[in-house]
Amino acid sequence: QVQLPESGGGLVQAGGSLRLDCAASGRTFSMYAMGWFRQAPGKEREFVASISRSRSTTHYADSVKGRFTISRDNAKNTVYLQMNSLKSEDTAVYYCAAKFGDYVVEYPYWGQGTQVTVSS
């Protein structure tokens, strides 16, 4: 079992930046592929970004490409989501997720979420 507490959410003006951190528990963090998802009010949860175990492969939703960057530090058991040029439509609860291996489809482990609010 891996615990995924997120931090770094908050209120920011449109055009601003925030960085989300997810500091995972456990000694096998490097074995997990990691992802960020978000859920806006009244909408389904959607994929934002993912990163492979070795950091060699990243994927992004079209809506955040060029603005968000996912990265990880396996020595610190932490995955990051740097969010720049934020827009009001980025307002959502952001969730960190983990899956054991790069080719597993489902993410069985989820954090509690952190609120990001972008004011226009």
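This is a predicted model: local features need pLDDT of at least 70, side-chain atom pairs count only at pLDDT 80 or more; totals for chains, interfaces and linings use all residues.
User: Let's start with the open sheet. What order do its four strands come in?

Analyst: The order is S1-S3-S8-S7, and the pairing is antiparallel. Strands S1 (6-7) and S7 (68-73) stand at the edges with a single partner strand each, so one side of each has no neighbour in the sheet.

User: How many bridges join S3 to S8?

Analyst: Six bridges, between S3 (residues 18-23) and S8 (residues 78-83), and the two run antiparallel. One of the pairs puts Ala 23 with Thr 78 as its bridge partner in S8.

User: What else does Thr 78 touch?

Analyst: Leaving out residues up to four places away in sequence, Thr 78 touches Asp 21, Cys 22, Ala 23, Phe 29, Ser 71, Arg 72 and Asp 73. There is also a polar atom of the Thr 78 side chain 2.8 Å from the backbone oxygen of Lys 76.

User: Is Thr 78 buried or exposed?

Analyst: Buried: the relative accessible area of Thr 78 is 7%, and the cut-off for buried is under 20%.

User: And Asn 77, where is that one?

Analyst: Asn 77 is in the loop between S7 and S8. At 16% relative accessibility, Asn 77 counts as buried too. Its contacts, again not counting residues up to four places away in sequence, are Cys 22, Ala 23, Ala 24, Ser 25, Gly 26 and Phe 29.

User: New topic, disulfides. How many does a search of the whole structure find?

Analyst: One. Cys 22 is joined to Cys 96, with an S to S distance of 2.2 Å. The pair links distant parts of the chain, with Cys 22 in strand S3 and Cys 96 in strand S9 (residues 92-100), 74 residues apart.

User: Which handedness does the disulfide have, and why?

Analyst: Left-handed, because the torsion about the S-S bond of Cys 22 and Cys 96 is about -80 degrees.

User: Are those cysteines buried or exposed?

Analyst: Cys 22 is buried at 0% relative accessibility, and Cys 96 is buried with a relative accessible area of 0%.

User: OK, over to S11. Which way do its side chains point?

Analyst: They alternate along S11 (residues 114-119).

User: Which sense does S11 pair with S2 in, parallel or antiparallel?

Analyst: Parallel, over four bridges, with S2 covering residues 10-13. In that pairing Gly 10 stands opposite Val 116 of S11.

User: And S9 with S11? How many bridges there?

Analyst: Three, and S9 and S11 run antiparallel. Val 93 has Gln 115 as its bridge partner in S11.

User: Last one, Arg 27. Where does it sit, and is it buried or exposed?

Analyst: Arg 27 is in the loop between S3 and strand S4 (32-39). Arg 27 is exposed, with a relative accessible area of 85%, and exposed means over 50%.

User: How far apart are the C-alpha atoms of Arg 27 and Asn 74?

Analyst: They are separated by 9.8 Å, while the two residues are 47 residues apart along the chain.

How values were computed. Residues are numbered from 1 along each chain as its sequence is written. Side-chain values use heavy atoms; hydrogens and water are left out. Two strands pair if DSSP finds at least two bridges between them. A disulfide is a pair of cysteine sulfur atoms within 2.5 Å. Buried means under 20% relative accessible area, exposed over 50%, partly exposed in between (1.4 Å probe, protein chains only). A polar contact is a pair of N or O atoms within 3.5 Å; within protein, one must be able to donate a hydrogen and the other to accept it, and residues adjacent in sequence count only if both atoms are side-chain atoms. Contact means heavy atoms within 4.5 Å.
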